[in-house]
There are 2 protein chains.
Amino acid sequence: MAPILGIDLGGTKIAAIVVDADDAPVASISVPTDDRPLGDQLVSAARQALDAAGTEYRPAAIGSGAPGLVDSKAGVLRMAANLAAVDLPLAAIVGDALGVPCFVEHDGRAAAAWLYQQRGGDGSLAYLIVGTGISVAVIVDGRPMRGAHGLAGEIGHVVAVADGPLCACGLRGCLEAVAAGPAVARQVAAAVASGERTSLPLGADAELVYRAAADGDPLAVEVTETVGRFLARAIRGLVLAYGVDRVLVGGGLARAGAPFLDPINRELDRERHASWLARQALPPDLIELLPPDTDAGARGAVVIARSGLRAAGPGERGQREVEDG
Amino acid sequence: MAPILGIDLGGTKIAAIVVDADDAPVASISVPTDDRPLGDQLVSAARQALDAAGTEYRPAAIGSGAPGLVDSKAGVLRMAANLAAVDLPLAAIVGDALGVPCFVEHDGRAAAAWLYQQRGGDGSLAYLIVGTGISVAVIVDGRPMRGAHGLAGEIGHVVAVADGPLCACGLRGCLEAVAAGPAVARQVAAAVASGERTSLPLGADAELVYRAAADGDPLAVEVTETVGRFLARAIRGLVLAYGVDRVLVGGGLARAGAPFLDPINRELDRERHASWLARQALPPDLIELLPPDTDAGARGAVVIARSGLRAAGPGERGQREVEDG
């Protein structure tokens with residue numbers, strides 16, 4: 001094995017890590033995204049991480065995780081609404097600039113690949129990300145589920161409330177519209193505006209709401225319990241659809257820790273109590289919250305690069321070279 | 001290849017088919033289930049089919065599809081609530097009685113395997129069964145999704161209506177509790193009892209309701225539209241979770257044809273109209289209704305037997321022999 005550079009392109013920051021031949025981290029950086037073209041930002045973040053690592057850690061490959069609709073075969077970011085990106089050939093841009101093969105994967109699936117490896121690399125695993133949006137990456141017997149159009153895991157747009165609030169996607173009652181970060185903030189704002197009893201200000205964001213819930217604020221408790229109920233049901237749906245027996249939860253909201261997790265587990269407990277099927281499908285240790293500082297994104301990008309190298313064979317050709325050849 | 005016997009154990013009938021070396025049907029039978037032990041019933045149905053086929057079609061293996069929680073590796077039907085079966089070693093019982101290796105699989109997954117093969121054997125496919133219960137069998141890149149505990153596809157117990165009607169499983173608002181056959185009958189019975197305008201009698205079953213909907217009965221139309229909306233949303237959830245691009249629909253309710261399918265497609269059209277994501281994920285030809293006379297169950301059992309034989313290798317050993325050996 002050789003050193004690898006892993007890059008995680010997020011909505012607000014780019015994280016990059018260089019690992020040595022044994023996968024031990026050598027250097028890592030995190031920079032906020034800015035107004036330059038995405039490709040330029042990735043290349044400069046990559047260079048910063050490589051500079052920090054030093055020349056003896058020249059990578060054999062680069063992996064990059066990106067949000068949105070990723071064509072991992074072609075190495076192209078097809079669509080990322082939050083980044084205003086359409087058909088961006090990330091693998092070619094980064095690979096050509098650094099002179100190293102580059103492999104691209106959906107950020108959630110990349111992170112899930114690393115988490116799966118960390119946990120022994122067998123069985124199945126779902127990595128649920130609850131932040132500005134909600135999505136899931138599922139690995140079954142070592143294989144990431146991509147779906148026919150790369151849309152597998154977009155469960156933020158599964159119905160949570162029939163004919164519920166309008167979602168940014170155009171549909172009504174989507175899980176994201178009632179349980180993602182902006183939905184938490186919206187619910188609180190509406191309640192504050194209508195004079196409900198709370199210590200929260202009108203513009204409170206989800207992070208603040210979860211802190212207030214931990215302090216017992218009645219509105220914050222009510223909203224976070226409701227969100228927990230919706231997420232628990234989504235997790236049940238996930239488990240029943242895929243049959244996974246481990247659900248790792250990360251993302252902005254999950255960073256709140258217990259105030260985020262407890263309402264979910266309370267609802268799952270109610271379901272277990274009510275139903276044989278729920279007891280079978282939802283074991284007590286089903287959900288695991290990732291530690292807030294987990295750099296699963298960049299580590300996942302490293303895993304993607306290593307498996308890309310293996311698949312490409314001894315020639316060590318990246319997506320760009322495979323496409324052109 | 002050699003002749004194969006496929007058996008489909010259903011809630012109310014057992015269907016069996018003998019195919020020749022080229023998979024052409026030689027004989028098929030269908031008998032109602034009765035009060036004898038399930039193993040005896042399967043063995044006698046198997047013998048009837050073999051008698052009908054004649055001695056020149058002695059099968060190299062038997063495949064059997066069964067509902068409920070099936071341990072296909074051990075050849076055991078772990079739990080089938082509707083059949084009152086617990087830990088029934090089907091592969092051993094049938095294999096020993098007939099002196100031929102026997103392979104057992106979940107009925108929906110067996111049927112899906114055949115449907116997948118029929119449709120070219122590539123990509124992914126979901127086979128949604130809407131009858132007394134609701135479940136789905138999903139095949140991704142040729143691999144049936146089983147889940148960690150064989151529970152993958154139990155989407156009848158995903159939430160359709162938050163805090164909705166109580167489901168037989170003990171939870172509230174499950175898809176089955178609002179969109180399966182008994183739920184259709186219950187909704188109509190409640191409306192008839194409360195004096196709603198309809199041609200339907202109090203005890204109308206789902207089949208009658210769909211016939212009345214085709215004739216324009218206002219209550220039947222209202223109920224079947226509602227069911228279609230719930231099923232469309234479940235299908236959207238399925239597509240977003242798994243990323244499948246083909247959903248075949250079968251089962252008792254689907255036999256109604258257009259009065260069953262049209263309300264689903266109307267709701268999907270509304271979603272496509274409202275949302276870019278829905279247009280991406282839900283292509284116009286997403287759903288295909290199986291013809292009412294499709295014997296996907298027994299044909300699927302044949303596919304399971306053939307792949308079991310292949311996996312067992314040249315010795316052609318069934319699950320029982322593999323277990324014991």
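This is a predicted model: local features need pLDDT of at least 70, side-chain atom pairs count only at pLDDT 80 or more; totals for chains, interfaces and linings use all residues.
Residues are numbered from 1 along each chain as its sequence is written, chains are lettered from A and ligands numbered from 1 in the order in which they are written, and side-chain values use heavy atoms, with hydrogens and water left out.

I then asked which helices of chain B supply at least two residues each of the side that touches chain A. They are helix H7 (218-242), helix H8 (258-274) and helix H9 (276-281), where helices (H or I, at least four residues) and strands (E, at least two) are DSSP runs numbered from the N terminus. H7(B) gives the largest share, 6 residues. I sorted this side of chain B into 22 nonpolar, 10 polar and 8 charged residues, counting Ala, Val, Leu, Ile, Met, Phe, Trp, Tyr, Cys and Pro as nonpolar, Asp, Glu, Lys and Arg as charged, and the others, Gly among them, as polar.

**Extent of the interface**

I found 40 residues of chain B in contact (heavy atoms within 4.5 Å) with 40 residues of chain A. The two chains bury about 3500 Å² between them, 64% of it on carbon and sulfur atoms; buried area is the accessible area (1.4 Å probe) that two parts lose on being put together, summed over both.

**Salt bridges**

I counted 4 salt bridges between chain B and chain A, a salt bridge being a side-chain nitrogen of Lys or Arg within 4 Å of a carboxyl oxygen of Asp or Glu. One that I looked up joins A:Arg143 to B:Asp141, at 3.5 Å from N to O.

Over all chains, my search of the whole structure gave 30 salt bridges. Within chain A, A:Glu105 pairs in this way with A:Arg146, their closest N and O atoms being 2.3 Å apart. A:Glu105 lies in strand E8 (residues 102-106) and A:Arg146 in the loop between E11 and helix H4 (175-179) of chain A, so the pair ties together parts that are 41 residues apart in sequence.

**The sheet of chain A**

I traced an open sheet of 5 strands in chain A, in the order E11-E10-E9-E12-E13 and with mixed pairing; two strands pair if DSSP finds at least two bridges between them. Strand E11 (143-144) and strand E13 (287-289) stand at the edges with a single partner strand each, so one side of each is left without a neighbour in the sheet. Strand E9 (residues 124-130) and strand E10 (residues 134-140) of chain A run antiparallel and are joined by 7 bridges, and I saw that A:Leu125 has A:Ile139 in E10(A) as its bridge partner.

I checked A:Asp141, in the loop between E10 and E11 of chain A, and found its phi near 50°, a positive value in a residue other than glycine. Most residues other than glycine have a negative phi.
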